[in-house]
Every structure is written in C-alpha cells, then in structure tokens.
Amino acid sequence: MNQDEQYMKLAIQMAASTKGQTAPNPSVGSVVVKNGEVIGMGAHLKAGEAHAEVHALNMAGERAQGATIYVTLEPCSHYGKTPPCAEKIIQSGISRAVVATLDPNPKVAGRGIKMLEDAGVEVKTHVLKKEADDLNEVFYHWIQSKRPFVTLKTAMSLDGKIATTTGESQWITGEEARRDVHQYRHIHDAILVGVNTVIQDKPNLTTRLPHGGKHPIRVVLDTHLRTPIDTPLIQNPEAPTWIVTGSEVEKEKIDRFTHYEHVEIIQLSEPTISIEEILQQLGEKDVTSVFVEGGAKINDAFLRAGAVQQVINYVAPKLIGGQQSPTPIGGEGIAKLSESMQLTITEVTQLGEDVKIISKPI
Ligand SMILES: Nc1c(/N=C/[C@H](O)[C@H](O)[C@H](O)COP(=O)(O)O)[nH]c(=O)[nH]c1=O
Ligand SMILES: Nc1c(N[C@@H]2O[C@H](COP(=O)(O)O)[C@@H](O)[C@H]2O)[nH]c(=O)[nH]c1=O
Ligand SMILES: [Zn+2]
C-alpha cells in the first residue's frame, strides 16, 4: 500500500464511521497532509452541515498552502446547502488533490475535478476507488434514479418458514441476528412493512441497539387504511409513521389519524398501491434507503416490481414444517423457473446460531 493509499484508507475509515447519518448526502472523508504530516482531517456528519473537505481544511488553516488533500468523493462544484468545496480547496492554496472516485451527482460529475485542474491543482483520481464506491452504493442509486435503495430482509427457519401455522413468529432468529437487523434499521432512512404485519405483530419498528441508534421513518403499505389506532406505530411517537393508502379511502377514516403529530397519511392517486409510485414519492421526500421487513405479501409485491437492490436472509437452525406455515415471499407465485429473480450471493456470515446471507439481483 503506497503513501496515497494509506492516507485515502484513513479518509475512507472516517467516511465509513458516518454511514446512515449523512442522508440524503453521501458519506465522505478527507485528510490534508504536508511533508508526511497529517495537518487536517474530517468527515461530512450531517446533510446541510460542512462537507468533509471543509472540516479538514479548517483544521489545517494556513498550513494548507502547498499541501495535499485526500477526499473519498470528488469535491463538489455546485452551491447546494453549502458552498463548493472545489473553490475552497483552490483558495486554501492546496497544490495536490487525491480523489478516490467521481461524484455521479449530475450537478458535480467531473466538474469538481475540472475546476481544480483549471486552477493549476495537480489531481490524481481512482485511488481505492472500489472501497470508496462501496461506501456510497445507496447514495449513487438514489442520486441517479431518484428512488430509494431497497433492501429486502427476511428471517426464516431452515425449512423456509417465517411463522408457525398459528402465526407465532417471535422469535425465530436469535439475539445476535436480531441485533444485526437493528443495526440495519439504524442506517436506513425508512423501514417498510405491510398492514398485515402491523395487525399480526403489532411492531414498533424502532431501532433498539445497546448504544441507542437512529429510528428510521416507519412506512406502512395499507390500501384500505386498516391500521388500528391502538397499535404501537400510532401510539408510540418515537419516530414518524407514514401510512400509504389508496385513493378510495374516505376522508373521515383519514381524519382519525390527524391529531397524531408523528403520523402522516400518504394517499396515492390510484385505488391500489403501486410500488413504483411509492418509491417515486419516497425518493422525492429525500428517502434514499428503505429496509423492507415484509411480510410475505409486501415482499412479493417488491419482488414482482423488480424494485429490490439487495436481499438479506437470516436463517435459523429450526425446522417448523406445515404446508400452511407462511414463507417469506407470498403472492400468486410463478409457473416457470425462468421468471424467478436471479441473484448473486455476496456475503455469508454466521451470527450466533443463525446464518446471514446477503445477495444482490444480477
Ligand atoms: N420474527 C422475527 C422477525 N420478525 C420481524 C417482523 O417484522 C416483526 O414484526 C418485527 O420485527 C417486530 O418489530 P419490533 O421488534 O416490534 O420493532 N425478524 C427477525 O429478524 N427475526 C425473527 O425471528
Ligand atoms: N457530502 C459531501 C459532498 N456531497 C455532494 O454534494 C451534494 C450535497 O451538497 P450540499 O447540499 O451543499 O450539502 C451531494 O448530493 C453530493 O453530490 N460533496 C463533497 O465534496 N464533500 C462532502 O462531504
Ligand atoms: Zn463539497
């Protein structure tokens, strides 16, 4: 690993530590180095606040003159909620910029690099590009498609059951696997379930980690607005609850939820719920990632809509059996194997007694 990669690794580690908290912005890290000494470092912490380069350059101060800056993402060149980093880099007298990867945001996309080169800054790109890209696969998906990056999560027994014939499901997976799920809730902007899961499991859908954690927005797909008022998602205001209904739900039914500040009813333009329309609305509301925790009907709807970017299966060493016991993906099913979704497995890990399998559609 050469000098440039060493400092870029430090910048990447800083960016990785802010995963989930910068949405809808990417996670970015930056280090300023002069004569082999680190004189500034920083990461973007929250959308609307200073970018990583600004933190690092402020720490370096006058000594940035003639120094090298490392950034995990191409410095921005536009006025968003903050002024362009490329300009600040030029003004601070930096003589060399090492950039891991370009920013696919149409507002930047190569313009940041061009601004630096036009101002006489020496630029080197594609240092640890893959590691930097892996950091922001969610941001890249959202900024280019304006749809949230969708992760479908299921938890099932070895024989593929998510509950017994009476619907008992807690718990199939053990403590460690469930803790891992809460880690995903923490880094996601939204968690999404169907109204059947709300009625059956009365879930909270909050993030319960030992050290706390950020709660995702709780989204319920509920065509006929059957969500009970006395369910935790409505009674417990710890996180926003957005209920998506069809166009035929009458106004007085919607009015029952009005005095719950944290509850928002999103009424679609059609009688039935289209996954495409929901993702478009969530994307427009700056939701960059959605964690779909089912149940079976919702999982099938997302699968059929081809709206899944990542699948996470937790498999417990239990055998539940029963022709009628529910499985993770419901719906009408398919006749031909060629209609099944093809995935590639990207990670298999053991968590306590359970196995976690991450896969991505091909
Ligand atoms: N039944 C299991 C799961 N079941 C997940 C269901 O979505 C269930 O309704 C919610 O987890 C309940 O939400 P909350 O905990 O109240 O926030 N998920 C798991 O990872 N393992 C299992 O065994
Ligand atoms: N977070 C981040 C960047 N984010 C880029 O800037 C956009 C957000 O700009 P703004 O609205 O001003 O925060 C975001 O969509 C992405 O393209 N750029 C950087 O140089 N460094 C950073 O640390
Ligand atoms: Zn910037």
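**Ligand surroundings and a surface patch**

Strand β6 (149-157) and helices α7 (175-187) and α8 (195-201) each supply at least two residues of the shell around ligand 1. The model is a predicted one. Around ligand 1 there are 17 residues, of which Ser169, Ile172, Thr173, Asp201 and Leu205 come nearest. By residue class, this shell divides into six nonpolar, six polar and five charged.

Several polar contacts are found between the protein and ligand 1. A polar backbone atom of Ser169 lies 2.7 Å from a nitrogen atom of the ligand, and a polar side-chain atom of Thr173 is likewise 2.7 Å from a nitrogen atom of ligand 1. In the side chain of Arg185, an N or O atom is 2.8 Å from an oxygen atom of ligand 1. On its own, ligand 1 has 520 Å² of accessible area, and the protein covers 92% of this area.

Oxygen atoms of ligand 2 lie 2.6 Å from a polar side-chain atom of Asp103, 2.9 Å from a polar side-chain atom of Asn105 and 3.0 Å from a backbone N or O atom of Ala52. Of the 510 Å² of accessible area that ligand 2 has on its own, the protein covers 96%.

A further feature concerns the protein surface. Val38, Met41 and Met59 make a nonpolar surface patch of about 240 Å². Val38 belongs to strand β2 (residues 37-43) and counts as partly exposed because its relative accessibility is 33%.

Technical notes
Residues numbered from 1 in each chain as written. Chains lettered and ligands numbered in written order. Predicted model: local features only at pLDDT ≥ 70, side-chain atom pairs only at ≥ 80, totals over all residues. Heavy atoms only, no water. Polar contact = N/O pair within 3.5 Å; in protein donor to acceptor, adjacent residues only side chain to side chain. Areas by Shrake-Rupley, 256 points an atom, 1.4 Å probe, with all protein chains shown as cover. Patch = residues over 30% accessible without salt bridge, like charges linked within 9 Å, V, L, I, M, F, W, Y side chains within 5 Å. Salt bridge = Lys/Arg side-chain N within 4 Å of Asp/Glu carboxyl O. Helix = DSSP H or I, 4+ residues; strand = E, 2+ residues; numbered from the N terminus. Buried < 20%, exposed > 50% of the residue type's maximum accessible area, 1.4 Å probe, protein only. Near = heavy atom within 4 Å. Nonpolar A, V, L, I, M, F, W, Y, C, P; charged D, E, K, R; others polar.
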